[in-house]
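This report describes selected features of one structural model.

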Amino acid sequence: MRTRIYSYWFILPGMVIYGLFFLFPVLISFPFSFTRWTLTDWYFTGLDNFRMFFSEPSLRIGFINTFIYAVLTSGLKTVLGFIFAAYLVARPLGSGFLQSITFFPSIISTVAVGVTFSGLMHPAFGLINKALAFIGIPGPDWLGDPHLALLSVSLVDVWRGVGIATVIYIAGIRSIPRSYYEAAMIDGATSGQRLLSITLPLSRPAMNTVILLSFIGGLRTFDLIWVMTRGGPGFSSDLIASIIYKQYQSGFYGLSTAGNVILFIFIALLAVPLNRVLSKSEVSL
């Protein structure tokens, strides 16, 4: 008993930091979502903030864009991460260097990535359109076209986040016992058959982790979309998080807090059932 109590002292600093900087702000946001508040004063307004939030003109497109953004980025990271990991686990020439290149975008600041790609995607001076013009293809206005803006930011998000998905996949694939592959090779299975019959089904825990993390990350994305388009042009790339931030910028702190509560519930309503469905599909090693 004394040993168990002693071990808790080691995790106490982490628990204090987690409680002070994450748990407490989350819990305190619920009562403040029913108030109109400033840094020095507050008063109770009931459900007014929630009524105002749901009457926001751009809310409908914000929910649709958020869902599309989460599904698109999560799907591409899941597929590309598995392809990259399956290739790198086979240890091709220069696999260590290739693995570093794949993971490198994940350690760059999101703001730096957004600013860089905003320049690269400039319709007149960006390198992407200049490269397309070199081969005779007219480049579009990646961030200024309402039909392309959300897709353009989504692809940048995939470029930045696929490295983490690849690392998770590599850890999952390397945990598969080698005896399974050796038995399949004795039976004459080709590399493609081993990939589809052993690697793919037995890496489901890693795949489920990638799906869940990238999907939740997509639902609460704010920084990249704000740096690259600020929700524009018009409301074409607005997400729930960017709508909440605009309300915060306008000084409606209670309203933006209510929006954060709604976003929290929205994510929970999608993520919890998804986690249960994914967990049931896992195969034991």
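## Annotated spans

Residues 252–272 have end C-alpha atoms 30 Å apart, and this span is 95% helix and 0% strand. Here helices (H or I, at least four residues) and strands (E, at least two) are DSSP runs, numbered from the N terminus. For residues 102–128 the end C-alpha atoms lie 20 Å apart, with 56% helix and 0% strand.

Both spans carry the UniProt feature "transmembrane region" (unreviewed entry), which that record also places at residues 7–32, 67–90 and 148–171. The UniProt positions are given in the numbering used here, feature names are shortened, and annotations may be inferred rather than shown by experiment.

## Basis of the values

The model is predicted: local features need pLDDT of at least 70, side-chain atom pairs count only at pLDDT 80 or more, and totals for chains, interfaces and linings use all residues. Residues are numbered from 1 along each chain as its sequence is written, and side-chain values use heavy atoms, with hydrogens and water left out.

## Helix H9

Helix H9 comprises twelve residues, 191–202, and reaches 15 Å from its first C-alpha to its last, close to the 16 Å expected at 1.5 Å a residue; the expected span is 1.5 Å times one less than the number of residues. Arg194, Ile198, Thr199 and Leu202 of H9 are buried. Seen down the axis of H9, the buried residues fall within an arc of 85°, so they line one face of the helix; the arc is that of the directions from the helix axis to the C-beta atoms. Buried means under 20% relative accessible area, exposed over 50%, and partly exposed in between (1.4 Å probe, protein chains only).

The other side of H9 holds Leu196 and Ser197, which are exposed. The cover over the buried residues of H9 includes helix H3 (59–89), H7, helix H8 (178–186) and helix H10 (204–219).

## Gly161 in helix H7

Helix H7 (residues 149–174) contains Gly161, a buried residue with a relative accessible area of 13%. Not counting residues up to four places away in sequence, Gly161 touches Lys77 and Ser106, where contact means heavy atoms within 4.5 Å. Between Gly161 and Phe104 the C-alpha to C-alpha distance is 9.7 Å, at a sequence separation of 57 residues.

## Loop between H11 and H12

The loop between helix H11 (223–228) and helix H12 (240–249) includes Pro233, which a cis peptide bond joins to Gly232, with omega about 0°. Arg230 lies in the loop between H11 and H12 and has a positive phi of about 55° although it is not a glycine. Most residues other than glycine have a negative phi, and most peptide bonds are trans.
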